[in-house]
Structures are given as C-alpha cells and as structure tokens.
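Please open the structure in your viewer and keep the selection tool at hand. The tour below goes from one selection to the next and says what is found at each stop.

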Amino acid sequence: MECPTRRFRRHTGAMADGSRFSMPRWSVRSRILASILLVTALGMLVAGGSAFLLQRERTLTEIDQRLLSRVESARFVVTGVPTSTAGDETVTPVVAPPTFPSSSEALEGVLARVIPGRLESSLGIVDGVATFVPGVAIDFHLEDVPGFVDRVVGETAGGQVVIGTAVSSLGALRYIATPIEIAGSTESAVYVTAVDVSGELAEVTSSFTIYALVATAALVVIGLVGWFVAGRLLRPIRQLRAAASRITVSDLHERIPVAGRDDVSELTATVNDMLERLDTSVAAQRQLLEDVRHELKTPITIVRGHLELLDPTNVGEVESTRALAIDELDRMASLVDDIELLAQAHG
C-alpha cells in the first residue's frame, strides 16, 4: 500500500530531494503588457462581435421583408389590388376571383412578372410537382434542392403561407411559400420564392473577417509599442535593482541617476536619500567602533605595562599597581555601560 506521506508529496508537487516545483515568474513588464493586450482584445472582440451580430440580424430582417414583398407582388399580379403587409406578422394566401382561368395559369403569370433579384430564386408548384421556373437567369434552382418541393407541399397543405429556412448543399435558404387559389379551379398551386442567406451574409462575414485581421494586426502593433514603452518606463527600476545589487556595507557611496519627474523618479530620489542616511549611519558606527577600540585599548595597555614591570616583593608597588588596575577597570566598566545604553536607545 502506498505511503500517505509519499502520495501527499506527489500531489503537492514535492520532489524526491525535498525541493518543490515553482511556477514560472513573469516580469512586471510582461504582466503590464499582458494586461494591456487582454483588455484591448476583449474590447475589440465585444465591439466587433456586437457590430457583426447587429448587422447580421439586420440583413436577416431585410431578407424577410424582401420575401414578404414578393408575396404581395404576386398578390397584385393575380388580383390587381395593391396591398401592404408593413407591420403585419401574418400573411394570407393569394385568393382571387376568376381573373385567370386556372390556378396554374395564375401561377405562371406570377412567375413571368415577379422577377427574382440577386441571390434569389422562384418556383411554381402545381399539384405537388415543380412546374414553372422564372424565365430569366437565376443564381440557383429550387427544384434541384433534394426534398425541398415535398417539404413545401407538406407545409402549405393546410392553405397557409409558410416562411422558413432550409439547409441544403446550396447553403441556408430562407423561403416563403404561398398557395394561389382561383375560384372554380381544382388545381393546387404554390408560389415559392427563396433567398440565399449564406450569399447575403457573405459580405457581412467578409467585413468581420477583415476586421478580425486588422484587429489582430493592431494587437501586434500595440504589443510591440507596449513592450517598448513599458521597457522605457521600467528602466529606472532595473537600474535601481542593479545598483542595489552592487551596493554593500563597505561601499554605500554609489547613487542612482534621477531622470524625469514621474513616480519612478521620485522613488529613485527616495532610495538615494535612504542610501545617504545608511552611509551616514554606517560611518557613525565605524567612528563609534574606532573610539571604543581606542578607549578599551588604552587602559588595557596601561594595566599590562604596570603588571609586566611589577616587582612582587615590593609591597608599595603592588598596592599602587592594584589601585591603578582597579581605576582602569572602572573606566572600562563605565564605557561598557555607555555602550549598553546606546544600544538600548537605538533598539
């Protein structure tokens, strides 16, 4: 059974020698640049995506309006009465008095007079069979779309106008189908007109693709400029770090050049003031240590000299040397007390 401690080390990233995996460290310059690029990219994405979706929705609305206008044109051809469905959500089938002998002839008249536009096509279906096509060149043929005729016949079987979208090998087709009924005619006629949605959206898609390319190029330019500007702004900090790495206790005389009047320059000036105070403090400590060394060395030398020249058999000389040694030791003890008080004051 695996040791729980060993399993915990593996999960926390501990290695066999006790070291740990460390995440790569990003420099301030890289983080600043990454933040700028992220915010800029999000802004471009939101702006471009919103414009693309709005333009796409507008194009789809215009397609539906075109389809509805084709139905009203067909109604006018059959009935001779102009109508408008502006603002209407429902469209009624084309029902007409016997102006035409039959529904098929009315449908043929519609196909002859209502001409499809660019990326449009029309089709006349009689009794479930594709019978009439426009007499002009069209971009695509609805009768060639597999299953499309059967779909339209089934959707209009109840006599209602149908608008929908069919996805085929030609792409997405937005279509409208309306039955044409002539009083006294037993034929079932359906007029269908469709628009190639993919073709209509091609211009919008192309514009968005160009926008994406331009935005990508702009991000690259922003990245290069941002890298250069961030480097220029952070140069005093790099100099500060380099100077700090060179400064030691034995050499506090180096100062960092101050250029400009921004926040980084103020930081550099503050660090220079701090180095000046440190230099003064270290110099004062060195002077203090030199004074302490001298004050301690003098009594030690005096006591040592008298002891070396002392005649142990001379009682008077022994007494005199003893008094001298005690006096010098008192001076040393007083000096030690002063040093302790000084240390407490700076602590």
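Begin by selecting helices α5 and α6, whose crossing is left-handed, meaning that the near helix is turned anticlockwise from the far one by less than a right angle. This is a predicted model, in which local features need pLDDT of at least 70 and side-chain atom pairs count only at pLDDT 80 or more, while totals for chains, interfaces and linings use all residues. Residues are numbered from 1 along each chain as its sequence is written, and side-chain values use heavy atoms, with hydrogens and water left out.

Helix α5 covers residues 197–246 and helix α6 residues 263–309, and the two pack at an angle of about 15 degrees with their axes 9 Å apart. That angle makes α5 roughly parallel to α6, a term used for angles under 35 degrees.

Next, select Leu 233, Pro 236, Ile 237 and Leu 240 in α5, which meet Val 264, Leu 267, Thr 268 and Val 271 in α6; contact here means heavy atoms within 4.5 Å.

The crossing of α2 and α5 is right-handed, the near helix being turned clockwise.

How values were computed: Axes are lines fitted to C-alpha atoms, for helices over the stretch in contact, and angles run from 0 to 180 degrees between N-to-C directions. Helices (H or I, at least four residues) and strands (E, at least two) are DSSP runs, numbered from the N terminus. Angles under 35 degrees count as roughly parallel, over 145 as roughly antiparallel, 65 to 115 as roughly perpendicular and the rest as oblique.
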